[in-house]
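Visitor: I have a model to go through. Can you walk me over it?
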Amino acid sequence: TDKICEEALDIFYLYTAKLAKAAALFFRPFGGVFLCGSNNVTNLEFIKQSGFIEEFLNNRIREQILKLLPIYIIEDENINLNGGLWACRKIVR
């Protein structure tokens, strides 16, 4: 309910979307883009209403590719970025 916190969180998720978009265009993860961590679980409803999806898709040249990539939020708070990295390494090998 705090307007300053809402604005800060919105900026955080806009930059998260930019980072996810850059990684997605580099790796082309057609199985999906996975966001994990307790922040994302806690802010799930906020993310849905934020500009995250719009920013993720904001690329005139590659928008059609980005639309093919489903975005998932892992709701298990025990998985974090280290766990995601471990899982990716297991899949790649």
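Guide: Here is a quick tour, from the overall layout to single residues.

Guide: This is a predicted model, so local features need pLDDT of at least 70, side-chain atom pairs count only at pLDDT 80 or more, and totals for chains, interfaces and linings use all residues. Residues are numbered from 1 along each chain as its sequence is written, and side-chain values use heavy atoms, with hydrogens and water left out.

Visitor: How many helices and strands does the chain have?
Guide: There are 6 helices and 2 strands. Helices are DSSP runs of H or I with at least four residues, strands are E runs of at least two, and numbering starts at the N terminus.

Visitor: What pattern does the chain follow along the sequence?
Guide: The pattern is α-β-α-α-α-α-β-α.

Visitor: What box do the C-alpha atoms fill?
Guide: Roughly 45 × 35 × 15 Å, along the principal axes.

Visitor: And what share of the residues is buried?
Guide: Buried residues are 25% of the 93 in the chain. Buried means under 20% relative accessible area, exposed means over 50%, and partly exposed is in between (1.4 Å probe, protein chains only).

Visitor: What about the accessible surface of the chain?
Guide: It comes to about 7000 Å², with 58% belonging to carbon and sulfur atoms. The areas are Shrake-Rupley values with a 1.4 Å probe; for residues, only the protein chains shown count as cover.

Visitor: Charges: how many positive and negative side chains?
Guide: The chain has 11 positive and 11 negative ones, and the centres of the two sets lie 15 Å apart. Lys and Arg count as positive, Asp and Glu as negative; His and the chain ends are not counted. Each charge is placed at NZ of Lys, CZ of Arg, CG of Asp or CD of Glu.

Visitor: Now the core. Which residues touch the most other members of the largest nonpolar core?
Guide: A24, V33, F52, F56 and L69, out of 13 residues in that core. A nonpolar core is a set of buried Ala, Val, Leu, Ile, Met, Phe, Trp, Tyr and Cys residues joined through side-chain atoms within 4.5 Å.

Visitor: Which elements give two or more residues to this core?
Guide: They are α1 (3–27), β1 (33–35), α3 and α4. The largest share, 4 residues, comes from α1.

Visitor: What is V33 in contact with?
Guide: Beyond neighbours within four places in sequence, V33 is in contact with A20, A24, F56, L69, P70, I71 and Y72. Contact means heavy atoms within 4.5 Å.

Visitor: Next, S50. Where is its place?
Guide: S50 is in the loop between α3 (44–49) and α4 (52–57).

Visitor: Why does S50 count as buried?
Guide: Because its relative accessible area is 9%, which is under the 20% limit.

Visitor: What does the side chain of S50 reach?
Guide: The backbone oxygen of I47, at 2.9 Å. A polar atom of the S50 side chain also lies 3.2 Å from the backbone nitrogen of F52. For such polar contacts, N or O atoms pair within 3.5 Å; within protein, one must be able to donate a hydrogen and the other to accept it, and residues adjacent in sequence count only if both atoms are side-chain atoms.

Visitor: Switch to K21. Buried or exposed?
Guide: K21 is buried, at 9% relative accessible area. K21 sits in helix α1.

Visitor: Which backbone oxygen does the side chain of K21 reach?
Guide: That of N58, at 2.8 Å. Leaving aside neighbours within four places, K21 is in contact with E55, F56, N58, N59 and L66.

Visitor: How about N40, buried or exposed?
Guide: N40 is buried, at 8% relative accessibility. N40 is in helix α2 (residues 38–42). Residues up to four places away aside, N40 touches Y13, L35, I47 and I73.

Visitor: Backbone next. What is the phi of R28?
Guide: R28 has a positive phi of about 50°, although it is not a glycine. R28 lies in the loop between α1 and β1 and is partly exposed, at 36%.

Visitor: Last one. Where is L68?
Guide: L68 is in the loop between α5 (63–67) and β2 (71–73). L68 counts as exposed, at 56% relative accessibility.
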